[in-house]
Amino acid sequence: MRLSRFFLPVLKQTPSEAQIVSHRLMLRAGMLRQEAAGIYAWLPLGHRVLRKVEQIVREEMDKAGAIELLMPTLQLADLWRESGRYEAYGAEMLRITDRHERELLYGPTNEEMISEIFRAYVHSYKELPKNLYHIQWKFRDEQRPRFGVMRGREFLMKDAYSFDIDEAAGRRSYDRMFVAYLRLFARMGLRAIPMKAETGPIGGELSHEFIVLAQTGESAVFLDRRMLDLPIPGDDVDYAADLTPVIEAWTGPYAATEDVHDEARYERETPEAERLTARGIEVGQVFFFGDKYSKPMKAVVTGADGAEHPAQMGSYGVGVSRLVGAIIEASHDEAGIIWPDTVAPFGVGIVNLRAGDSACDAACETAYDALTRAGREPLLDDTYERPGAKFASMDLIGLPWQLIIGPRGLAEGVVELKRRADGDRQTLPLGEALSLLGAAP
Ligand SMILES: Nc1ncnc2c1ncn2[C@@H]1O[C@H](COP(=O)(O)OP(=O)(O)OP(=O)(O)O)[C@@H](O)[C@H]1O
Ligand SMILES: [Mg+2]
């Protein structure tokens, strides 16, 4: 992408309404525009990151055996009356009436709808297990939308739903999602700690929240700090195998949010030197709730015994749009965002220090072509801004690498390659810089 043709409205001033760093940086970096309280337009730079986060979530869901579909944002109120949640959900639900006076709602979650789909097609235990997911916008009319995408009213969520014949199989589905969550957050450069959690309006007894530690997190958390060093299951994880050892390693040490914190147990189980009190951001939550929806909604299958059994269900949410903010909270400095490579909106920023100079332009084009061919998604700053402003914008938008090309260097046959994360700089011939970036010149 050439910056001259892109749409990147960076702001020089810090917007006063933003209280936390990720919100400030997303507004300044031209990623996001508020259209109403808690409702945002994702500008092109932000949209590229959102898509990358979404894709990592999708890949890890697919690997764990979940199957993608897409359900609508609008749902019939009658469906929610079947589970009894239409009245219970309260003011957070956005209720809508269509021209035929039919009651609809903008879905805050999808347990009812997926149960309706399941019961229409699946009738035998032989078709189980099944895990269906989608990545779709949700609406919750939060009392206090704030912190930008962290607590929006409209937000993008991945939600998966598992169906099994009995509780033991249901727990194995839960374990697979648990492991997939450890992996997907790690792939975005985050260490998300699973913590025992309350189940809230979703229901059930077994639940974990996945929490990223950050000073700006909304809830206080208490954990055994050794959890920060536990190994993440690798690429070769076998979802068909028994995952109990992984689950035990990750649920053994004490970790809880303030809602369920038990100080006496914490002190009993965690040596004082290992106790860590911090704040955290909830980026995902997994639930096992058995027949809470399948029973009232008659999502039943015939078992091997010939009898009908309500499916044993779980649901598994990831806050895709919240994650973009959480990643920034975890990775930034005074100059701006520092994207982990896996979610960066572009892989390399090429800075042309003197656009219009034929040698600079030619070298930038060579770099741009080579990096594009190598799949490194370069962003070429080919504008006529002064160098200082270009450097500031590049640091602000936080691409992992900056390739700086100017007339003085070129006269000596060199360019500069800067790593955004640590500011490390090398001066070297363009060909070598491109090789380092994995692009043949
Ligand atoms: N208002 C919101 N804005 C952005 N993301 C959200 C919001 N509410 C929930 N999420 C994300 O969706 C995921 C799954 O939804 P879940 O029903 O568990 O949310 P929740 O527990 O109500 O969230 P919270 O406690 O933060 O209100 C959450 O883990 C979170 O990452
Ligand atoms: Mg939750």
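1. By class, 15 nonpolar, 15 polar and 13 charged residues line the largest pocket of this predicted model. Here Ala, Val, Leu, Ile, Met, Phe, Trp, Tyr, Cys and Pro count as nonpolar, Asp, Glu, Lys and Arg as charged, and the others, Gly among them, as polar. A pocket is an open set of points on a 1 Å grid over the protein atoms alone, with protein on both sides within 12 Å along at least five of seven lines; a cavity is a set where a 1.4 Å probe fits but cannot get out; lining residues have an atom within 4 Å of a point.

2. The volume of the largest pocket is about 1,000 Å³, a volume being the space filled by probe spheres set on the points, with grid points joined across faces, edges and corners. Of its 43 lining residues, Arg 140, Arg 151, Glu 282, Gln 285 and Arg 322 are the closest to the centre. Strand 13 (275–290) gives the most to this lining, seven residues. Helices (H or I, at least four residues) and strands (E, at least two) are DSSP runs numbered from the N terminus.

3. The second largest pocket holds about 350 Å³. Val 10, Lys 12, Glu 385, Ala 389 and Ser 393 are the closest to its centre among 17 lining residues. Helix 11 gives the most, six residues. The lining divides into eight nonpolar, three polar and six charged residues.

4. Two cavities of 30 Å³ or more are counted. The largest has about 60 Å³ of space and is lined by Tyr 40, Trp 42, Trp 137, Val 149, Glu 154, Phe 155 and Ser 321.

5. Helix 11 (387–397) and strand 20 (378–381) each give two or more of them, and the largest share, four residues, is from helix 11.

6. Helix 1 (residues 21–28) packs against helix 9 (residues 320–330) at about 105°, the axes lying 8 Å apart. Helix 1 is therefore roughly perpendicular to helix 9.

7. Residues are numbered from 1 along each chain as its sequence is written, and chains are lettered from A and ligands numbered from 1 in the order in which they are written. Local features need pLDDT of at least 70 and side-chain atom pairs count only at pLDDT 80 or more, while totals for chains, interfaces and linings use all residues; side-chain values use heavy atoms, with hydrogens and water left out.

Methods. Axes are lines fitted to C-alpha atoms, for helices over the stretch in contact, and angles run from 0 to 180 degrees between N-to-C directions. Angles under 35 degrees count as roughly parallel, over 145 as roughly antiparallel, 65 to 115 as roughly perpendicular and the rest as oblique.
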